[in-house]
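Please look over the sequence and the model below before reading on.

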Amino acid sequence: MLARSGNGKEPWKGHLEPHNARMPPAAAHADEDLMQAYAGGDMAAFTTLYDRHAQRIWRYVYRHVGDRAVADDLVQDVWLAVVREATRYEVRARFTTWLFTLAHNRMVDHHRTRKSHTSLDVENEEGQALAETLVANSGYGPVRQIESRQQAQQLLAALDALPLEQREAFVLQAESGMSVAEIAEATGVGMETAKSRLRYARAALRRALEEMA
């Protein structure tokens with residue numbers, strides 16, 4: 001799922017026009033190099049970055065809000081932030097850490113104005129995929145199969161019940177493969193705080209899995 005506005009357009013693509021026509025960047029180019037190329041006006045570099053990361057960013061946001069339309073709007077804001085920040089971009093961390101930090105900041109703004117989120121529903125494919133991700137990343141042990149929709153919904157309910165900070169730390173690692181240090185940087189907390197949030201989140205999800213055993 002790619003985050004787009006309701007009319008299917010990608011409005012950020014007109015904000016930075018390439019200064020010179022260039023060959024599309026090779027798929028093997030590092031994200032950081034591509035972002036610097038885009039900051040210099042290489043539109044093809046932006047397209048490659050978008051194609052690489054749009055789905056993961058959309059899933060990360062959707063797994064917080066549980067609403068496809070809201071997720072579309074928030075993710076569009078994230079990519080517009082990439083456009084706005086492009087000329088100030090510096091390689092201080094992995095591009096993905098920087099990108100998910102932008103997404104985190106947008107989510108913080110969203111939760112400040114809305115006190116609740118829609119619970120994820122296993123009846124759609126995103127909810128089912130998340131339930132499977134929870135099992136794979138809970139630290140439960142050998143990956144087990146979710147045997148029914150009821151079990152999947154129980155896992156989503158367990159995720160919903162987590163404090164926002166714990167839920168976000170878990171989803172950041174499960175979705176983007178971030179290290180504890182990168183999660184700490186993206187969320188603006190210390191290493192021990194990020195580690196503690198992950199530990200509590202995994203413990204809660206393991207308990208939910210054990211109750212189904």
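Which residues line the largest pocket? The lining consists of Glu85, Arg88, Tyr89, Glu90, Arg92, Ala93, Arg94, Thr97, Trp98, Thr101, Leu102 and Glu185, where a pocket is an open set of points on a 1 Å grid over the protein atoms alone, at which a 1.4 Å probe fits, with protein on both sides within 12 Å along at least five of seven lines, and a lining residue has an atom within 4 Å of a point. The model is a predicted one, in which local features need pLDDT of at least 70 and side-chain atom pairs count only at pLDDT 80 or more, while totals for chains, interfaces and linings use all residues. Residues are numbered from 1 along each chain as its sequence is written, and side-chain values use heavy atoms, with hydrogens and water left out.

The largest pocket holds about 210 Å³ of space, a volume being the space filled by probe spheres set on grid points that are joined across faces, edges and corners. Its lining divides into 4 nonpolar, 2 polar and 6 charged residues, with Ala, Val, Leu, Ile, Met, Phe, Trp, Tyr, Cys and Pro counted as nonpolar, Asp, Glu, Lys and Arg as charged, and the others, Gly among them, as polar. Helix H4 supplies the largest share of this lining, 4 residues; helices here are DSSP runs (H or I, at least four residues) numbered from the N terminus.

The second largest pocket, with a volume of about 160 Å³, is lined by residues including His64, His104, Met107, His111, Glu168 and Arg197. H4 again gives the most, with 4 residues, and the lining as a whole divides into 4 nonpolar, 4 polar and 3 charged residues.

In soluble globular proteins, nonpolar side chains tend to be buried together. Leaving aside neighbours within four places in sequence, Ile57 is in contact (heavy atoms within 4.5 Å) with Val75, Val78, Trp79, Leu99, Phe100 and Ala103.

Charged side chains also pair with one another. The count comes to 6 salt bridges, each a side-chain nitrogen of Lys or Arg within 4 Å of a carboxyl oxygen of Asp or Glu. In one of these, Arg52 pairs with Asp31, the closest N and O atoms being 2.5 Å apart, and this pair links distant parts of the chain, since Arg52 lies in helix H2 and Asp31 in helix H1, 21 residues apart. Asp31 counts as buried at 14% relative accessibility, whereas Arg52 counts as partly exposed at 29%; buried means under 20% relative accessible area, exposed over 50%, and partly exposed in between (1.4 Å probe, protein chains only).

Asp77 forms a salt bridge with Arg106, with the closest N and O atoms 2.8 Å apart, and this pair joins helix H3 to helix H4 across 29 residues. Asp77 is partly exposed at 27%, and Arg106 is partly exposed at 24%. A further salt bridge, between Glu192 and Lys195 (3.6 Å, N to O), lies within helix H9, where the two residues are 3 residues apart, about one turn of the helix. Glu192 is exposed at 55% relative accessibility, while Lys195 is partly exposed at 36%.
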